[in-house]
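User: I am new to this structure and would like to learn how to read its features one at a time. Could you take me through them, giving the general idea before the particular case?

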Amino acid sequence: MSLQNSDGGHFNGNGKETNPGGHGRVSRFPQTVSNVPMPSTHQATVSQVPFPPYQKLANPGPLGLLGFAVTSLVLGLYECGVGLPNENPQGNVGPNQAILGLAIFMGGTAQFIAGIMEWRVGNTFGTTVHCCYGAFWLSYAMFLIPYLDVKAAYNNDMRAYSFAIGVYLIIWCAVSFLFFIAALKTNLTILAVFFFLVLAFLFLSIASFIETEHPAASVRVNKTGGAFTVICAALAFYAGGSGLMLPDTTFVRFPLGIIPRHDDEGS
């Protein structure tokens, strides 16, 4: 199948123009379109791609990982009590209301879009992971919107509310563990992201379960969960950055720790 240009030539599926102007010449499609010259290099900018391949798709992984990493890092620091009175993440001041914008736009919307893009490139694992955690951040943001006032639905019963949050978090711990198992043949960095994410959800859920009956212990457990969240976010930030270290734009590489693969027939 070919498309005819204004000069009478045709572009074939390989991005080449055949018989332009009827003279039998062959030229590269990205270099000239209707005799308009294209830039030959982009060393001074990363906003242009020289000679883009025909219908080449971008890698959505860095967008999803960085969306998750930035939001998780900020939340993890708050859960550790950073900047809060008495460093108490369960006090009356904060801590999570400041995360609302990031949860909706960066961790939620941007990561969900990355999941849709992963579907376009045929990555089932990436689609499921990014869409799920994008939905997680959007659902988490619902707890923080004053207009919804989710806590008021529990009639000021803090035990019932904190227990409900614990159930919410422990289910996401189970989902993250499922992703950890599904990622065993990816790389060490991604495995570490899911490993610490499982621990983060586990400790944060335990802190919610014991918040009313053992408040002092709950604060310590909550800070532990926040610390695991920070570690998880740092690893996700590194993994997302690795996807941006491209030969076209930088000399730097972030190795991810390749896991040797063995064919099922040979194992």
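Predicted model: local features only at pLDDT ≥ 70, side-chain atom pairs only at ≥ 80, totals over all residues.

User: How many helices and strands does the chain have, and in what order do the elements run?

Analyst: Helices (H or I, at least four residues) and strands (E, at least two) are DSSP runs, numbered from the N terminus. Here the chain has six helices and six strands, and read from the N terminus the order is β-β-β-β-β-β-α-α-α-α-α-α.

User: What share of the contacts in the chain with a separation of 6 or more comes from residues 24 or more positions apart?

Analyst: A contact means heavy atoms within 4.5 Å. In this chain, residues 24 or more positions apart supply 57% of the contacts with a separation of 6 or more.

User: How do I read the way H1 and H2 cross?

Analyst: Axes are lines fitted to C-alpha atoms, for helices over the stretch in contact, and the angle between N-to-C directions runs from 0 to 180 degrees. The axes of H1 and helix H2 (residues 100-120) come within 8 Å and cross at roughly 160 degrees. That angle makes H1 roughly antiparallel to H2, a term for angles over 145 degrees. Among the residues making the contact are Gly61, Gly64, Gly67 and Phe68 of H1, together with Ala103, Gly107, Ala110 and Ala114 of H2. By class, the contact of H1 with H2 has 11 nonpolar residues (Ala, Val, Leu, Ile, Met, Phe, Trp, Tyr, Cys and Pro), six polar ones (the others, Gly among them) and one charged (Asp, Glu, Lys and Arg).

User: At what angle do H3 and H4 cross, and which residues meet there?

Analyst: Helix H3 (residues 124-142) and helix H4 (residues 158-182) have axes that come within 11 Å and cross at roughly 165 degrees. H3 is therefore roughly antiparallel to H4. Phe125, Cys132, Phe136 and Tyr140 are among the H3 residues that meet H4, where Tyr168, Trp172 and Phe179 are included. The residues of this contact of H3 with H4 divide into 10 nonpolar, three polar and no charged.

User: Is Ser72 buried or exposed, and which residues does Ser72 touch?

Analyst: Buried means under 20% relative accessible area, exposed over 50%, and partly exposed in between (1.4 Å probe, protein chains only). Ser72, which lies in helix H1 (residues 61-79), counts as buried because its relative accessibility is 3%. A polar atom of the Ser72 side chain lies 2.8 Å from the backbone oxygen of Phe68. Not counting residues up to four places away in sequence, Ser72 touches Trp137, Thr229 and Ala233.

User: Is Tyr140 buried or exposed?

Analyst: Tyr140, found in helix H3, is buried, with a relative accessible area of 9%. Leaving out residues up to four places away in sequence, Tyr140 touches Leu75, Glu79, Asn96, Ile99 and Tyr168. The C-alpha atoms of Tyr140 and Ala103 are separated by 7.3 Å, although these residues are 37 residues apart along the chain.

User: Where does Val252 lie?

Analyst: Val252 lies in the segment after helix H6 (215-244), and with a relative accessible area of 41% Val252 is partly exposed.

Key: Residues numbered from 1 in each chain as written. Heavy atoms only, no water. Parallel < 35°, antiparallel > 145°, perpendicular 65-115°, else oblique. Polar contact = N/O pair within 3.5 Å; in protein donor to acceptor, adjacent residues only side chain to side chain.
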